[in-house]
Amino acid sequence: MQNLIIKEMTLTDYDSVMALWQHTENMGFSKADSKENIAYFLQRNPDLCFCAWKEDKLVGAVLCGHDGRRGAIYHLAVDQGYRGNGIGQQLVEHCLYGLQQAGIERCHIHVYAENKLGLAFWKKNGWFLRPELALLSKDIR
Ligand SMILES: CC(C)(COP(=O)(O)OP(=O)(O)OC[C@H]1O[C@@H](n2cnc3c(N)ncnc32)[C@H](O)[C@@H]1OP(=O)(O)O)[C@@H](O)C(=O)NCCC(=O)NCCS
């Protein structure tokens, strides 16, 4: 797509990114998505979170991080009017390149089981389901 620029996400992008996420189907939000917590995430994961801009319009965004062992991608979203142009794929490629540069060899993603289109996107792009695993969580406070 012409005039598409992918840039590292900064905290100044927060309001635009949150507006995109809130207009995107199949996104779940929590306190982890507050401005303060996203600032912490960006500080811990420099070079791994990206925004896609078409001129001055935000058309895509993704969070990516790692814990020194495995990578994780969160909240990949492309504006509905701009889908099917390779933007989602380019955002993921930027994340995976960054992880590779950091020496990380595998990345995980959590997808709502009912998000059939999202799952189809990941599978089409080489990601595989892990039916032998279950996700468990615990609130720490
Ligand atoms: C999933 C999403 C990010 C895809 O973004 P996109 O920019 O339209 O995707 P791309 O154009 O980069 O697609 C890359 C490839 O995946 C394919 N693809 C895209 N969406 C697909 C889908 N729903 N099912 C199957 N394949 C899909 C494309 O055809 C393309 O393949 P090609 O290179 O052979 O043509 C976008 O649809 C979205 O924001 N969905 C809502 C949020 C969501 O579900 N996020 C993912 C779960 S966390």
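**The ligand and its pocket**

A backbone N or O atom of Val 78 lies 2.8 Å from an oxygen atom of the ligand, which makes a polar contact (a pair of N or O atoms within 3.5 Å). This is a predicted model, in which local features need pLDDT of at least 70 and side-chain atom pairs count only at pLDDT 80 or more, while totals for chains, interfaces and linings use all residues. Residues are numbered from 1 along each chain as its sequence is written, and side-chain values use heavy atoms, with hydrogens and water left out.

At Leu 117, a polar backbone atom is 3.0 Å from a nitrogen atom of the ligand. On its own the ligand has 910 Å² of accessible area (Shrake-Rupley method, 1.4 Å probe), and the protein covers 75% of that area.

Around the ligand there is a shell of 21 residues, each with a heavy atom within 4 Å of the ligand. The closest of them are Gly 84, Gly 86, Gly 88, Gln 89 and Lys 124. Strand E4 (71-78), helix H3 (87-101) and helix H4 (116-124) each give two or more residues to this shell, and H4 gives the most, with six. Helices (at least four residues) and strands (at least two) are DSSP runs numbered from the N terminus. By class, the shell holds nine nonpolar, nine polar and three charged residues; Gly counts as polar here.

Where does the ligand sit? The space taken by the ligand is the largest pocket, meaning that more than half of the ligand's atoms lie within 2 Å of the pocket's grid points. A pocket is an open set of points on a 1 Å grid over the protein atoms alone, where a 1.4 Å probe fits, with protein on both sides within 12 Å along at least five of seven lines; lining residues have an atom within 4 Å of a point. The volume of the largest pocket is about 1800 Å³, counted as the space filled by probe spheres set on the points. Its lining has 50 residues, and Gly 28, Ile 73, Tyr 74, His 75 and His 110 are the closest to its centre. E4 supplies the largest share of this lining, seven residues. The lining divides into 23 nonpolar, 18 polar and nine charged residues.

The second largest pocket has a volume of about 990 Å³. It is lined by 30 residues, with His 108, Ile 109, His 110, Phe 128 and Arg 130 nearest its centre. Here too, the largest share comes from E4, with four residues. This lining comprises 19 nonpolar, five polar and six charged residues.

How values were computed. Polar contact = N/O pair within 3.5 Å; in protein donor to acceptor, adjacent residues only side chain to side chain.
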